[in-house]
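Please read it alongside the sequence and the coordinates.

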Amino acid sequence: MENSNRIILLRCGELMLKGQNRKYFEDKLVRNIRHAISDLGDARIATSRGRVFVEPEGADFNFDKALERLTKVFGVVSISPVYKIESDFDAIKEHSLAMVKDSVAEKNLVTFKVETKRANKSFPLESPEVSRDLGEHLLKNIPSLKVDVNNPSFIFYVEIREHTYLYFEIIPAAGGLPVGTGEKTLLLLSGGIDSPVAGWMMLKRGVELEVVHFYSYPYTSERALEKVVDLAKILAQYCISIKLHIVPFTKIQTEINEKCPENELVLIMRRFMMKIAEKIALSNGALSLTTGESIGQVASQTMHSLSVTNAAVAIPVFRPLIGMDKNEVVSIARKIGTFETSILPYEDCCTVFVPKHPKTKPILSDILKSESVLDVSGLIDEAIKNTEIREIN
Ligand code: ATP
Ligand code: MG
């Protein structure tokens, strides 16, 4: 179509509520949008009152791929591929007719309605008038069309601002807040189903992620580690990049296994994880830890056990899945693309020394007594010293 541009319109949600901070939120959002499509060709990004516009520059911009990527950017509520034209009613009629003709070309009879939003109050017609007059124009020129305001087979949208945007589709996007607006957390990432979902939920609220994984080579294989790297890569699609800390955990597990009561192994191990994670968080600017724990899922996730685990650290520990059933977590894991990787059959360090009868009502003083035979700070320092760091994009 002449004099018109095919561009992408993105709607921002809660962003608009933030008053004073709006500019800050908008800047982060634009940065994240730019990053998400940086390899798809040249595009200009502009913002205006709760909307972001991605305008391709040049023919090689990968429009469809961009649409798909942008549905994953947090802070965006919905997306529409639109035609941008001048705000002039004759131009609106002409372009709308061409668009609707194209889209109904092969159909016998289709019903529709026009929905108009007029943010530009200097436009001479009011919204209902635009819908009515444009509807009439389309009906007159396309014989196979019929109006149905209650249950139309398509809606034709007209959004009048400084320019006018014409479109058929409103695609739901990720919602949430732009990543980078909510500080940073350190996610304890296993190879399981839960922790990647917990990480995604923090990203959704604008929180940046750094990730720690405890690795018990040779009890857990190279493939098990690759699985965790793959999960971190999937999470990195929802932000800009993720720093992954790979902590060697074999020596700590072996020591606990040799020197502590069997029914306390898992809890003591989890307390070590928390302590190491807290140190890594503090030295990397993360203000909290995040885990994939959920009440009652296993012995180490009873209220008693979680309290004992929590007591190992002073910084907040967030557990976004705490009230969720497994099937709810699984359905998010499928939606965000981590499920297929999470169910690959490689062992996790938690499965290396599994006691037959773990305590479900541990008492902190007993656990502290059991731990006192270990060189806790020496073991922790050594593990941190040997931690490998990878940047995941
Ligand atoms: P997940 O599905 O996330 O593995 P889970 O239900 O299997 O969780 P646990 O194995 O008890 O539960 O682990 C509880 C939480 O502890 C995990 O969600 C994760 O945050 C953390 N965690 C467990 N194992 C590791 C590990 N090897 N490295 C880093 N974090 C871990
Ligand atoms: Mg697990």
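Of the 393 residues of the protein, 52% count as buried. The model is predicted, and every value below is computed from it. The protein holds 13 helices and 15 strands.

**Overall dimensions and surface**

- The radius of gyration of the protein is 27 Å, whereas a compact globule of 393 residues would have a value near 21 Å.
- The C-alpha trace spans about 85 × 35 × 35 Å along the principal axes of the protein.
- The accessible surface of the protein amounts to about 18700 Å², and carbon and sulfur atoms contribute 50% of that area.

**Contacts and charge**

- Among contacts in the protein with a separation of 6 or more, 80% are made by residues 24 or more positions apart.
- The protein carries 49 positive and 51 negative side chains.
- The centres of these two sets of charged side chains lie 3 Å apart.

**Strand S4 and its partners**

- Strand S4 covers residues 76-86 and is mostly covered, with 8 of its 11 residues buried.
- Strand S1 (residues 5-12) runs antiparallel to S4, and 8 bridges join the two strands.
- Within this pairing, Ile7 has Val82 of S4 as its bridge partner.
- Strand S8 (residues 163-167) also pairs with S4 in the antiparallel sense, over 4 bridges.
- Tyr83 has Leu166 of S8 as its bridge partner.
- Strand S9 (residues 171-175) pairs with S4 in the antiparallel sense over 3 bridges.
- The bridge partner of Val76 in S9 is Gly175.

- Strands of a sheet pair through backbone hydrogen bonds, in either a parallel or an antiparallel manner.
- Leu244 has Arg390 of S15 as its bridge partner.

Technical notes
Residues numbered from 1 in each chain as written. Chains lettered and ligands numbered in written order. Predicted model: local features only at pLDDT ≥ 70, side-chain atom pairs only at ≥ 80, totals over all residues. Heavy atoms only, no water. Rg over C-alpha atoms; globule rule 2.2 N^0.38 Å. Buried < 20%, exposed > 50% of the residue type's maximum accessible area, 1.4 Å probe, protein only. Contact = heavy atoms within 4.5 Å. Areas by Shrake-Rupley, 256 points an atom, 1.4 Å probe, with all protein chains shown as cover. Lys, Arg positive; Asp, Glu negative; His and termini not counted. Charge placed at Lys NZ, Arg CZ, Asp CG, Glu CD. Pairing = 2+ DSSP bridges.
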